[in-house]
Amino acid sequence: MAFTSLPSPTSEDIEELLLIARYGELDELKSFIEKFGTKPLIKARDEDGNSVLHMVCGNGHLDLLDYLVPNYIPPSLATVQNSSAGSTPLHWATLNKQLDVVKQLVKLCGALGPSVLDVKNKSGRSAITGAEMNEWTEGVTWMVGVMSVDDSGDTAQETDEVVESEDVQVEIQDAEGRIAKLSVKDGQVEEIKNDSAFSSSPST
């Protein structure tokens, strides 16, 4: 039985793939995979180093995320940083307040989940730091809860919500070493006033 090799996508095909991921076109994505296979899904980058997963997560396409990971894209791609800002797909999802995508991405990453939350971009900000600066309380609460549960010895995918009875305090640090302390109790996030000079504007 003869095997037919798949054609290699052109640069225009890769641009189209990234647009497909950006706009959440599942049928077109399936057609691309049928024509070119799955390798381009992992290697594709735009001029700023953003991957297919950056596009999917940043724009909240939960159906594409579920379709791609882990069947066609390994969970480890969630830790890949773009070249422009050093941001991961999780940074993008957090910037755009895509809570369902944040939850699912951490869950799909399995044992990698908590480490995805720790990755810092070129500004020294983790996804949690970015969420706090963007005043996204819901996202901060959930991510801090995941880290707390993981620290206690459970796995990240076993939690879907913050344990409301738990009083959690975490510290987040920016690139200049400034520390902001956050307290999470009963699902509410409060900043513990200190010398932090964090801005409230979002970071890409």
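## Aromatic pairs

Rings of Phe, Tyr and Trp, the last taken by its six-membered ring, are counted as a pair if their centres lie within 6.5 Å, and a pair is called stacked when the planes are under 30 degrees apart, edge-to-face when they are over 60, and tilted otherwise. In this predicted model, the structure holds 2 aromatic pairs. In one of them, phenylalanine 32 and phenylalanine 36 have ring centres 4.8 Å apart and planes at 45 degrees, so the pair is tilted. Both of these phenylalanines belong to helix H2, where they are 4 residues apart, about one turn of the helix. Phenylalanine 32 counts as buried at 6% relative accessibility, and phenylalanine 36 is likewise buried, with a relative accessible area of 9%.

Tyrosine 67 and tyrosine 72 also form a tilted pair, because their ring centres are 5.2 Å apart and their planes stand at 45 degrees. Tyrosine 72 is partly exposed, with a relative accessible area of 28%.

## Helix H2

Helix H2 covers residues 26-36, and its buried residues are Leu29, Phe32, Ile33 and Phe36. These residues lie on the same side of H2, because they cover an arc of only 95 degrees around the axis. An α-helix has 3.6 residues a turn, so residues three or four places apart point the same way. On the other side of H2, the residues Asp27 and Glu34 are exposed.

After H2 comes glycine 37, which has a positive phi, near 85 degrees.

## Helix H1

What span should helix H1 have, at 1.5 Å a residue? The 13 residues of H1 should span 18 Å, and the end C-alpha atoms are 19 Å apart, which agrees. Within H1, the residues Ile14, Leu17, Leu18, Ile20 and Ala21 are buried. Seen down the axis of H1, these buried residues fall within an arc of 155 degrees, so they line one face of the helix. The face turned away from this buried side carries the exposed residues Glu12, Glu15 and Tyr23.

The cover over the buried residues of H1 includes H2, H3, helix H4 (52-58) and H5. Just after H1, glycine 24 takes a positive phi of about 70 degrees.

## Methionine 143

Methionine 143 is found in helix H10, which comprises residues 137-151, and this methionine counts as buried because its relative accessibility is 0%, where buried means under 20%. Which residues does methionine 143 touch, not counting those up to four places away in sequence? The residues touched are Thr94, Val102, Leu117, Ala127, Ile128 and Ala131. For one of these, leucine 117, the separation from methionine 143 is 26 residues in sequence and 7.5 Å in space, C-alpha to C-alpha.

## Confidence of the model

The mean pLDDT of the protein chain is 80, and 69% of its residues reach 70 or more. Over residues 152-166 the pLDDT is below 50, although this stretch has 30 contacts in the model beyond near neighbours in sequence. Residues 194-204 also keep a pLDDT under 50, and for them the model has 30 contacts beyond four places in sequence.

Definitions and conventions: Residues are numbered from 1 along each chain as its sequence is written. This is a predicted model: local features need pLDDT of at least 70, side-chain atom pairs count only at pLDDT 80 or more; totals for chains, interfaces and linings use all residues. Side-chain values use heavy atoms; hydrogens and water are left out. Buried means under 20% relative accessible area, exposed over 50%, partly exposed in between (1.4 Å probe, protein chains only). Helices (H or I, at least four residues) and strands (E, at least two) are DSSP runs, numbered from the N terminus. The arc is that of the directions from the helix axis to the C-beta atoms. Contact means heavy atoms within 4.5 Å. The expected span of a helix is 1.5 Å times one less than its number of residues. pLDDT is the predictor's confidence in each residue, from 0 to 100.
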